[in-house]
Every structure is written in C-alpha cells, then in structure tokens.
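Biologist: Can you load the model for me? I'd like to talk through its charged pairs.

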Amino acid sequence: MNKRRIGTTALEVTEISFGGAAIGGLYRACPREPAMETLQTAWDSGLRYFDTAPFYGFGLSERRTGDFLREKPRSSYVLSTKVGRLFRPVPEDQVPDHSYVDPLPFALDYDYSYDGIMRSVDFSYARLGLNKIDILFVHDIGVYTHGVEKTKLHFRQLMDGGLKALEELKSSGTISAYGLGVNEVQICLDVLRRAPLDCILLASRYTLFDRSAEPELLPLCRERQTSLIIGGVFNSGILATGPVHGAHFDYLPASKDILDRVGAMEKIAAEGGYPLAAAAFQFPLHEPVVASVLTGTAKPANLTRNLELLDIEVPATEFARYDPYTIVQQLG
C-alpha cells in the first residue's frame, strides 16, 4: 500500500489506516475475538498505521491494539493514540455512558495541561504494553465536545503547558509527531494559527458531502506543512448506505434535507457507474495535504468491503460534480 509523509517529519503512514473506536465497543459490544480478527484483516490488507485512544472503550481499544501489535516488528507500523482525558477506576454502576458498550470500569476527567498530557502518555504506555508511540493527538478539544466556556479553559491549558509537553516529547524522541484529533474545524484554525502541528486527525469535515475544511483549514495546512488524516468519510454512515430510512448523519438520524442531498449525490454516482461509497472513500486522497484516510470497524467483512471500494475506478473528473453548492442548486 502506498505511503505518505506526515508533515515535515520522517514518519510515513499508509494511505489507508485503521481506526480503533469500534474495537473499543462504540455503539455495540465488541468481544475480543472479532476485535483481534479485524486487526489481523487490516494487517493482512497492508494497513500499517493504527490509531487508537484512551477514550475508546475507556482503555479497551488501547489494550487490544497493543496486544495485536506487540509481536510485530516495531519498525513495520505506525501507532497513534491521544491525550486530553485521564481515567480513574469507579464501581461498575458509576461508569459513565459515552456510547461505549461494555467499556472498562473507569470514569474520565479532561486535562490538557502539561502534567495531564504527561500522565496520559504514561497511562497509555501501560495499557498498550508498548514502549513507543509515534503520534500523539490532543483529543476532542473544542466547542463540539465541551461548549464555549469550558473550551476556553481547556484551550488555555493547552497553550500554557500542554503544547510544551508535546514539544518536549517530540524533541526527546519519545514521539515523532503531534497534532489534534477532533471533528470541528474552528479549533484546528485556532491552534494552528498559534502553534506548529505536524498533523490533524479530522473526522467528518473533509468529505464528499461536508467541505467545512476547504475554505480555510486546507490552505492553512498547506502553508504550515501540516498533514491531515481524515476520518468519518461516510459522515456517520449515510454516504455508505445512501438515503435509506434510519440513515445517520453526524451521529444523528439524517434530516429530510440531508436525505435529499445524498439522494442527488447517489444519482450522480449511478450515472457514473460506480457506488457513492467508492467516491466517498476515495475523495480525500485526491488532496495532497491528506496523508491517510482512516477506516474503523469491528467486523473483518466490513473492513474488507471498505477496502474493496479502492479498487473501483472513480474518474478524477467526477469529483467536481459533487460540489455542495451545485447539488443544493439542483434541488431548488
């Protein structure tokens, strides 16, 4: 599988990467055996970049990812995890609901400070059972997760000490790169205008449907030589399922407007002779600043199905037909 460089670092990642939220039990339980089978399918398919986070199953995803990678040559893969949340043990009846089914028995506290990030890294080493993390992402800092007032607090923590921790970890060789792992554009702009970042893991904001990152973030990333890793290419599923009853967009049931717009996109794909999902999966890779597209599932068959979308020819000229403004005009 082809590789692309992360920022100005020496780190290279495969163009398609594995996201570990689902193997941590996101939305549905994921027993250990199918989780490990899915990781093996990713490896057998040539994926060599694996992303996880303490938040995914409250440590469960990190443990499984580490168990899988432990026997692999360390130079053969790239691993990223995240900072910003610290976990403490609680009784099972006090485990908070964050959409993870059967998570480990912990509750979380947000901490983007110098000490918080350093502690988070140490805890991740213990859960992973590995002695090297390649990339650290500051996880879910922004209004989408915290609201306006708490975001101000967390942003100050990051600016006043968290970034210093990340830079120290990079300069010492403990990590090779750092950035943000978020699903909103504004916080990326706010941080990137004040500090250098090697990469940003951005979910759902540079997709065939949602071009929120195009006006300001993509040009700024090009200027700062910051790579993008794109997650959520199906916008919570609707670009894979089409505008069917019960389709989801941005983690919620899709509105009529969204269903209509995706319906128009599906017609474009049908006219071109390829599935809409193939265009959605391939779209971000046509942007040079994108280093990798993340795909996450807890089922080997689903992963194989997604990867097969890469083998479907979607002419580069087709992507201009999906311009959101044009689609809205077509709908009247």
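Modeller: Start with helix α8, residues 256-272. R261 and D257 both lie in that helix, 4 residues apart, or about one turn. Keep in mind that this is a predicted model.

Biologist: How far apart are the closest N and O atoms of R261 and D257?

Modeller: They are 3.5 Å apart, and the pair forms a salt bridge.

Biologist: Is R261 buried or exposed?

Modeller: R261 counts as buried, at 18% relative accessibility. The cut-off for buried is under 20%.

Biologist: OK, on to helix α4. Where do K152 and E149 sit in it?

Modeller: Helix α4 covers residues 143-171, and the two are 3 residues apart there, about one turn.

Biologist: Now R5. Which residue does R5 form a salt bridge with?

Modeller: E12, with the closest N and O atoms 3.3 Å apart. R5 is partly exposed, with a relative accessible area of 42%. E12 is partly exposed too, at 36%.

Biologist: Last one. How many salt bridges does a search of the whole structure find?

Modeller: The search finds 21.

Conventions. Residues numbered from 1 in each chain as written. Predicted model: local features only at pLDDT ≥ 70, side-chain atom pairs only at ≥ 80, totals over all residues. Heavy atoms only, no water. Salt bridge = Lys/Arg side-chain N within 4 Å of Asp/Glu carboxyl O. Buried < 20%, exposed > 50% of the residue type's maximum accessible area, 1.4 Å probe, protein only.
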